[in-house]
Amino acid sequence: SGINAEYMVSSGINAEYRVKRLCWGKFNNSGQICVAPDYVLCSKEVEKKMVPIMKKVLKDWYSENPEISRDYCRIVSNRHLDRLQGMLSKTNGNIVIGGRSIPEDKFMEPTVVTGVGMDDSTMQEEIFGPILPIINVASTEEAIKIINARDKPLVLYVFTDREDVQEI
């Protein structure tokens, strides 16, 4: 299933701080980096705060039209873009940011998908592209269960200022 990088967010930490780091890690090089987060685990409450900030950050970095941004790159090959488009077309989640692609230019917008379950198409293999699924969890324990049930990630990013979560 490839190498995964996982990203867990707890409430309490500065939202803009965490979102900028998440977006940089995920959408730098169009997500084609081994340590790019493959998905986010967070509460619905945290998601509701994060998504509007993500929209603003991505617009600030790449403009309303990321396809013309000098700072946003292309997908490495047509085959890879086809795989990403197929994954996105089969999602049961809600595409809340992006989702558009231009095949002749090997371009795919930074894309965020909410309402994702573990059986979603975006969760079946390493994404290695600019698609970021957000999975809602009710607790830190549930997030840890999800992480432990999958192949060991290459990287796990945890953003929290809660000492009880840091200890785990």
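Reply: The account that follows begins with the basis of the model, turns to one helix pair, and ends with the surrounding chain.

The model is predicted: local features require pLDDT of at least 70, side-chain atom pairs count only at pLDDT 80 or more, and totals for chains, interfaces and linings use all residues. Residues are numbered from 1 along each chain as its sequence is written, and side-chain values use heavy atoms, with hydrogens and water left out.

The chain contains five helices and eight strands; helices (H or I, at least four residues) and strands (E, at least two) are DSSP runs, numbered from the N terminus. Read from the N terminus, their order is β-α-β-α-α-β-β-β-β-β-α-β-α.

The pair in question consists of helix 1, residues 15-27, and helix 2, residues 44-62, whose axes lie 9 Å apart and meet at an angle of about 60°. Helix 1 is therefore oblique to helix 2. Angles under 35 degrees count as roughly parallel, over 145 as roughly antiparallel, 65 to 115 as roughly perpendicular and the rest as oblique. Axes are lines fitted to C-alpha atoms, for helices over the stretch in contact, and angles run from 0 to 180 degrees between N-to-C directions. The crossing of helix 1 over helix 2 is right-handed, the near helix being turned clockwise from the far one by less than a right angle.

On the helix 1 side, the contact (heavy atoms within 4.5 Å) involves Ala-15, Glu-16, Arg-18, Val-19, Lys-20, Leu-22, Cys-23, Trp-24 and Phe-27. Their partners in helix 2 are Val-46, Met-50, Ile-53, Met-54, Val-57, Leu-58, Trp-61 and Tyr-62. By class, this contact comprises 14 nonpolar residues, three charged and no polar ones. Here Ala, Val, Leu, Ile, Met, Phe, Trp, Tyr, Cys and Pro count as nonpolar, Asp, Glu, Lys and Arg as charged, and the others, Gly among them, as polar.

Helix 2 itself has 19 residues and spans 26 Å from first to last C-alpha, close to the 27 Å expected at 1.5 Å a residue; the expected span is 1.5 Å times one less than the number of residues. Its buried residues (under 20% relative accessible area, with exposed over 50% and partly exposed in between, 1.4 Å probe, protein chains only) are Val-46, Glu-47, Met-50, Val-51, Met-54, Val-57, Leu-58 and Tyr-62. An α-helix has 3.6 residues a turn, so residues three or four places apart point the same way.

Helix 2 is followed by Ser-63, in the loop between helix 2 and helix 3. Ser-63 has a positive phi of about 75° although it is not a glycine. Most residues other than glycine have a negative phi. With 34% relative accessibility, Ser-63 counts as partly exposed. Phe-128, likewise not a glycine, has a positive phi of about 50° and sits in the loop between strand 6 (111-114) and strand 7 (131-136). Its relative accessibility of 27% makes Phe-128 partly exposed.

Two further residues place the pair in the wider chain. Ala-143, in helix 4 (residues 140-149), is buried at 1% relative accessibility. Its C-alpha lies 7.8 Å from that of Cys-42, although 101 residues separate Ala-143 and Cys-42 in sequence. Asn-92, in the loop between helix 3 (78-89) and strand 3 (94-97), is exposed at 61% relative accessibility. Beyond its neighbours within four places in sequence, Asn-92 contacts Gly-115 and Asp-120.

Over the 168 residues of the chain, 46% count as buried. Of the contacts between residues at least 6 apart in sequence, 70% join residues at least 24 apart.
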